[in-house]
Amino acid sequence: MTERVGLVGWPVAHSISPSMHNAAFQAVGLDWVYDAMAIPPDIVRHAFVEPKRHGYIGLNVTVPYKQAALEYVRPDEKAQAIGAVNTIDFRNDTGTNTDVDGFIDDLKAHDIFVENQRVVVIGAGGAARAAVYGLWQQGADVAVINRTRTRAEEMLTQLTFSAGVSGVSVIEMLDILDWSPGLIVNCTSVGMWPYVEASVWPENISVPPSIVAYDMIYRPATTRFMQMVRAAGGYAIGGLGMLVRQGASAFSLWTGVEAPVEVMYSAAQSALTTHDV
Ligand code: ATR
């Protein structure tokens, strides 16, 4: 019998997750199917109730339902810490958040180990929350910068409350060089397609030569910020690896089989080039 998993969100038409997961199922010889279900906000309950009723093993959850999902499953420690569920297992009605592992696993895959390292996270949305939590758990010394400072402060208060995160400061962009981070992580949407000329790094501050930058944006594959870092002699990584690895983490959770990360990466890359965004 074919097993089913899928993605719920609104909209979901441009998601590359179905391509990535279906390629992975095929590669490891599993008779599984991953489909995308667009659920309008007025019937959000159906996003979580109907797939289970129809025998789905689990779900990925995307915008705007990652918070709503908390009400329909038992969130694990990660989902509680982030305040958002992106992966559900209906076999035990639990929800987790694989963005944290996706990010940290991808750093490690690039030989970046953050314990005792100074890291700046730019942003204060859901992506930044996953980054701060993951980095803090790994023992990094983290500072946050956000356009709206109060949002960064609120994010840290919530992370302290939900996960005991402590010792993370909020700094200003102008102080970024004084803080001398080894790694800078962009968790904002600045530079994302179609606004590809925008950079999260201010044009009037020069990029230090030995910086390592991680940009969670994967469309485009190389952002303006990444170009600036590379032009200064630094090392810059785009966000596709994180996207693939959060998917790989969900894949292993559902199937109990090690995810074919390379296959998923290629499928994600070709889906990105064929989708007209
Ligand atoms: P997500 O959940 O994907 O992280 P989000 O909650 O919409 O998305 O957060 C977007 C992040 O990008 C925020 O940190 C936002 O800054 P504000 O909190 O000040 O809104 C940041 N961002 C978006 N557009 C920006 C811009 N033009 N300049 C600077 N930061 C921007």
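This is a predicted model: local features need pLDDT of at least 70, side-chain atom pairs count only at pLDDT 80 or more; totals for chains, interfaces and linings use all residues.
Two packed helices are described by the angle between their axes and the distance between the axes. For helix α4 (residues 99-109) and helix α9 (residues 240-255), the axes come within 7 Å and cross at roughly 120 degrees. Angles of 65 to 115 degrees count as roughly perpendicular and those over 145 as roughly antiparallel; α4 and α9 are therefore oblique to each other. The crossing of these two helices is right-handed. On the α4 side, the contact is formed by Asp99, Asp101, Gly102, Phe103, Asp105, Asp106 and Ala109, which meet Gly241, Met242, Arg245, Gln246 and Ser249 of α9. Classified by residue type, this contact of α4 with α9 comprises 3 nonpolar, 4 polar and 5 charged residues.

Phe103, one of the α4 residues in contact with α9, also belongs to the largest nonpolar core, where Phe103 and Leu135 touch the most other members among 36 residues. Two or more residues of this core are supplied by each of α3 (77-82), α4, β7 (118-122), α5 (126-137), β8 (141-145), α6 (149-163), β10 (183-186) and β11 (212-215). The largest share, 6 residues, is contributed by α5. When neighbours within four places in sequence are set aside, Leu135 is in contact with Phe103, Ile104, Leu107, Val114, Val119, Val121, Ala140, Val142 and Val185.

Key: Residues are numbered from 1 along each chain as its sequence is written. Side-chain values use heavy atoms; hydrogens and water are left out. Axes are lines fitted to C-alpha atoms, for helices over the stretch in contact, and angles run from 0 to 180 degrees between N-to-C directions. Helices (H or I, at least four residues) and strands (E, at least two) are DSSP runs, numbered from the N terminus. Angles under 35 degrees count as roughly parallel, over 145 as roughly antiparallel, 65 to 115 as roughly perpendicular and the rest as oblique. A crossing is left-handed if the near helix is turned anticlockwise from the far one by less than a right angle, and right-handed if clockwise. Contact means heavy atoms within 4.5 Å. Ala, Val, Leu, Ile, Met, Phe, Trp, Tyr, Cys and Pro count as nonpolar, Asp, Glu, Lys and Arg as charged, and the others, Gly among them, as polar. A nonpolar core is a set of buried Ala, Val, Leu, Ile, Met, Phe, Trp, Tyr and Cys residues joined through side-chain atoms within 4.5 Å. Buried means under 20% relative accessible area, exposed over 50%, partly exposed in between (1.4 Å probe, protein chains only).
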